[in-house]
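Please open the model in your viewer and follow the stops below in order, selecting each residue as it comes up.

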Amino acid sequence: MPIQPLSSDQLYRVSDLKALPDDCKSTKNLTPLDEIVGQERAQQAVEFAMSIKEKGYNIYAIGRNGLGKRTMVLRYLNRHEPNGNGFKLYDWCYVANFEEPRSPKVLKLPTGTGHQFKKDIEKLMTRLVKALPLAFDNEMYYSRSEKLKNQLTQKQESSLLTLTNEAKEKSVSLSLTTQGDYQLVALNGEEPHTEDTFAKLSEKEQKQFEQTINDLEKKLRGIVRQLTELEEEFSDKIEKLNDEVALDVVVHFIKELKETYSEQPEVKAYLDAMQKDILENLEIFLEESEEQVALAYAALDKKMPRRYQVNILVSQPEHKFPIVVEESPSYHNIFGYVENATFKGTVFTDFSLIRPGSLHRANGGVLLMDAVKVLERPYVWDGLKRALRSRKLNVSSLEREVTLSGTISLEPEDIPLNVKIILFGDYQTYQLLQIYDPEFSELFRVTADFEDEMPRSDESEQQYAQFISSIVNDSGMLHCDRKAIGRIIEYSSRQAEDQNKLSLHSADIANLLRETNYTAKASHATMIRANHVEQALQSQEKRVSRLRDHVMQTFANGTTLIDTEGEMIGQINGLSVVSTTDHRFGAPNRITATTAYGEGEVFDIERKVKLGGSIHSKGVMILSSYLASIFGKTTKIPLSTNLTFEQSYGGVDGDSASMAELCAIVSAFAQAPLRQDVAITGSMNQFGEAQPIGGVNEKIEGFFDVCKIKGRHSTQGVIIPQSNVHNLMLRKEVVEAVEKGEFHIWAISHVTEAIEILTGKPAGVWMEETGYPLDSIFGHAQVKLNALRK
């Protein structure tokens, strides 16, 4: 029985949406999906990782771009019950460490209270800035300080008066110079001696005066030491007075704050340290030293001294699970950094200039990043692993780590880190990390593997329709009618290259819907219909098909030689696929085989000139072994064969032409002509069985287009492997041509069936006694080979 071509209903699976209710006329009647369709395995992995609190259960999401990995994860996380994984959320603040300014302290506050604490401190400072100067500018303070000053004066005068009287008795005057020094001078009566009068004194009197002055000077030095001690005592008393006055003010204002934060020991300890520091640095508030005060207030807002500011690093909304997507994962963007400020030409930094990174904002929640971007940025991967291992977040200066300079920088206290990292990446990056980084598998123990496609059934088509509805609703597009939904599902099946599967490349579907929506609106339609989807697909095709049009033009003008009618010996039309970055199309290739007397070798010209890839060469070797098993059962084949792709000037790879090549060789052996109106694609094994190949739709359509160019005949068609039938989702015009009997597609399971279709004669079956039948193709070849052997 001759092999029958496929019927038209086998070439395309129409989407009839049986699972949708009959009254569902458009996406308007469909409930949008709240999750990505067909990714149950990946979703379960995310759920599993999120439910485990232990470290190391971070997620690596594998899949091609456009599968909706990030969308699915974000939708799941947004539905996730806040703190369902047991993470506790806090507000994190940096405050001054008054004992060690280079190591700012971290304050952990309950969620949502950070800003209130900052306001409370600012309010306290505003009050102190006003209240402290007033406390030292009133009659009570003046009278107490004046009293202490009078006591000092009295003691000083009393000490000096005794010495003054004693000196006067010995005719010596004690006076104070304009420079503030004490001076002892000998008296001549009531007036001090001049040089002349002193010189007129006897030597004995002069020596007596000198001795007296020396004795008095010794006593004066003792009194001066006493006066210094009195002044120090006075300073201590004034300082004590100041402390008492300031303490009364500070305690009065800070008492309320301590009561408010009584249940937070860290905050209470900070308030105690602040109280002590304020008393030690009263000059900042009293403006006694202009330079010091100016530096203390050097900031964009001069409301309060810098050392008492509260730097809120992260303030989480109450009960809001933190989900952070980091688009640019540089070191500073992830781990934070410390800024520098300039004041009067001096560069300085302090705790108030510490800035948070995305890890700070995601602490207690989830941080999502692209794996390749993380690995591209210097020092980020190492820093991320260090943070995940130690479970601490350190704002370290990257400049200090990568340079040898000894610049002064801060060493802020570490923040406890409790975060889940989700990296999105492809399989190659995942493999590289697994192989070259032993820590990777310890830190990213959960793999969320995203599917490229899903089984196509009535239920999955319904889910897909809901998925289309969710894109339409999210983007505010026109609604799709029932036929438009079906056409998009059929397009998805074509993208998956399988009648029984749907593509999960959601970016393609979303892009098609956007373009379809534009087409529908341009034609002033109120709803997206199937013809709008067709227009959008045609528009897409036109934009990317420049190379295909150029290739087809070479068939039209005869540059590329091809026959689509008649018969030829040793010549056959194979099919190949040409791919660009965003498009692929099929085109026929002429394959020829010539024979000469030899040892039975098959010379692959493509391999000889290094245009054939290793897979193509493997295909030629397989067909050679099949050839030997047919014609070389008892003795060598006395023919050598030269095999080539005609007009092939680029590389040739893949084994999908191996059946075509074998048919060409058998034709050359048997001198039996092959039909040129039929093209063939498919690989084969050593037993001659047809094996499936890729790009079957494009290959069939490519030959169909060339037939249109060269002239259509009702006998034209394509031979494909039986195992590729489920991959068929052909263009409408090809299906219609098959339906009318103007084009044929044969599905075969063995290469001998292809030989029968191409020659119109049976290939022949080997009989132990007689060999191949004489009226078969193999029989013809066997006769010629036997003649050569003799």
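Select K699 to begin, and you will find this lysine in helix α25, which runs over residues 696-710. In this predicted model, K699 has a relative accessibility of 3%, and because buried means under 20%, K699 counts as buried. Now display the residues around K699: setting aside neighbours within four places in sequence, its contacts are L575, S576, V577, G586, S656, T681, I693 and G694.

From that list, select S656 next, which sits in the loop between β24 (639-645) and α24 (658-670). Is S656 buried or exposed? With a relative accessibility of 16%, S656 counts as buried. Beyond residues up to four places away in sequence, S656 touches L575, T681, G682, S683, I693 and K699.

For the last stop, move to I489, which is found in helix α18, residues 482-496. At 0% relative accessibility, I489 counts as buried. Which residues does I489 touch, not counting those up to four places away in sequence? They are S15, L17, R456, E461, Y464, A465, I468 and L502. If you pick out Y464 from this group, you can trace a separation of 7.3 Å between its C-alpha atom and that of I489, although the two residues are 25 residues apart along the chain.

Conventions
Residues numbered from 1 in each chain as written. Predicted model: local features only at pLDDT ≥ 70, side-chain atom pairs only at ≥ 80, totals over all residues. Heavy atoms only, no water. Helix = DSSP H or I, 4+ residues; strand = E, 2+ residues; numbered from the N terminus. Buried < 20%, exposed > 50% of the residue type's maximum accessible area, 1.4 Å probe, protein only. Contact = heavy atoms within 4.5 Å.
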